[in-house]
Amino acid sequence: MAAATPASTPPGNLARIVGASLVGTTIEWYDFFLYGSAAALVFNTLFFPAADPLTGTLIAFITYAVGFLARPLGGVVFGHYGDRLGRKKLLVVSLLMMGGATFAMGLLPTHATVGAAAPVLLTLLRLVQGFALGGEWGGAVLIVAEHGGERHRGFWASWPQAGAPGGNLLATGVLALLAAVQSEEAFLAWGWRIPFLLSGVLVGVGLWIRLSVSESPLFLEAQARAEAAAAQGAKDTPPVVDVLRRSWREVLTAIGTRFGENISYYVLTSFLLVYVTVHLGLPKSTALDAVLIGSAVHFAAIPAWGALSDRIGRRPVTLIGSVGMAGWAFAFFALLDTKSFPVIALAVTAGLLLHGAMYGPQAAFISEMFDTRVRYSGASLGSQLASIVAGALAPILAVELLKDYDSSTPVSLYLGSAALVTTLTVAAARETRGRALDTPAATATPVSAAERV
């Protein structure tokens, strides 16, 4: 008997699955972004001491990028086993790995205590974080997308995406609270460890919620077909090989779709902390509070953009964000240079709203590019390869450009060019809205212009 189709998933069950994915991704992004915020604010002093503040920050961001380098490997490994064993099992593993690495960071000795061993240990734990996050994104969005029907997939699948600003909101909020109630000396001495140790509690909550959800019905159906084919002697090809052989165009489309989105997010959040505190000489609280306000709006905007993509299509909504970001790249720094907190908060919030237009439809858009039996591998590979060429380098290149030119203009050009890459990629891509996920991608019927209205 065939497994239930996604459309038959009861609304209450779907809401629980969406909640489990959102809580899990929020916790994992909390762990990941916590490192980025700490790299900009304290790791440059505690683990990578240097005479020049920007040089120490640059080194700290290089180790930040190491986490991105591990993400494609995590995407391949988790994608392979996620397409073979199921989405749910791998999501539990990714959560445990990420939380364990973050908790261990809170216990690390600093450079002043153990010398060069401190940054080495920190970098190794960062690799574990990146590996875990590489498998998290694909599983979290797919288990939602594969439970829900076509009509509202953009909305429901966007909720795990909201875990990114949710995690950043949580990480920045904890750091901002500690910065407000502690002296600079106390924060550097021990206060910075608290957010990392808090991860242990958060992972326990996330694990309890994730274990309560059901496996994707589409996966169970595909698994049954694969087992039947294997019993008849069919050759079993690893999912990642199948993806690279048959769906390499979709992988490239996923990379291009994420390129401008990925770079803009890390410039608007991580690099912002450096620009405001080091270049403009403003207090940490100014940058942290601006990101806090922007992330709260971002969290609400992502599902709204996802819902809009269900009405007018994934491509038009994404293009609103990418074209808007290409222009905002120049206005953004001009507003920061006013050194006015309300204006800085406005600059970050508007930028994150445009980012949300690219990010909200992305989960459904990329999921709809691949067939069920290779969807975890394809979605993870495309999204995580983008993280190397985009997100990993964004804060490093931005800091280096600022260091070399002492001006924000080169950073604006970098950000605007990245948004243009996404614009051209999405403009050339095929609309996927309305695709039935149990239909092979090669035979899926394109959505007409009339149907998008």
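## Overall size

Along the principal axes, the C-alpha trace spans about 65 × 45 × 40 Å.

Keep in mind that this is a predicted model, where local features need pLDDT of at least 70, side-chain atom pairs count only at pLDDT 80 or more, and totals for chains, interfaces and linings use all residues. Residues are numbered from 1 along each chain as its sequence is written, and side-chain values use heavy atoms, with hydrogens and water left out.

## Helices and contacts

The protein has 20 helices and zero strands (DSSP runs numbered from the N terminus: H or I of at least four residues for helices, E of at least two for strands).

Take the contacts (heavy atoms within 4.5 Å) between residues at least 6 apart in sequence: 86% of them join residues at least 24 apart.

## Inside and surface

Buried residues (under 20% relative accessible area, with exposed over 50% and partly exposed in between, using a 1.4 Å probe and protein chains only) make up 59% of the 453. The accessible surface comes to about 16400 Å², and carbon and sulfur atoms hold 69% of it.

## A look at Ala226

Ala226 sits in helix α10, residues 217-231. Ala226 is partly exposed, at 46% relative accessible area. Val240 is 14 residues from Ala226 in sequence, and their C-alpha atoms are 16 Å apart.

Conventions:
Areas by Shrake-Rupley, 256 points an atom, 1.4 Å probe, with all protein chains shown as cover.
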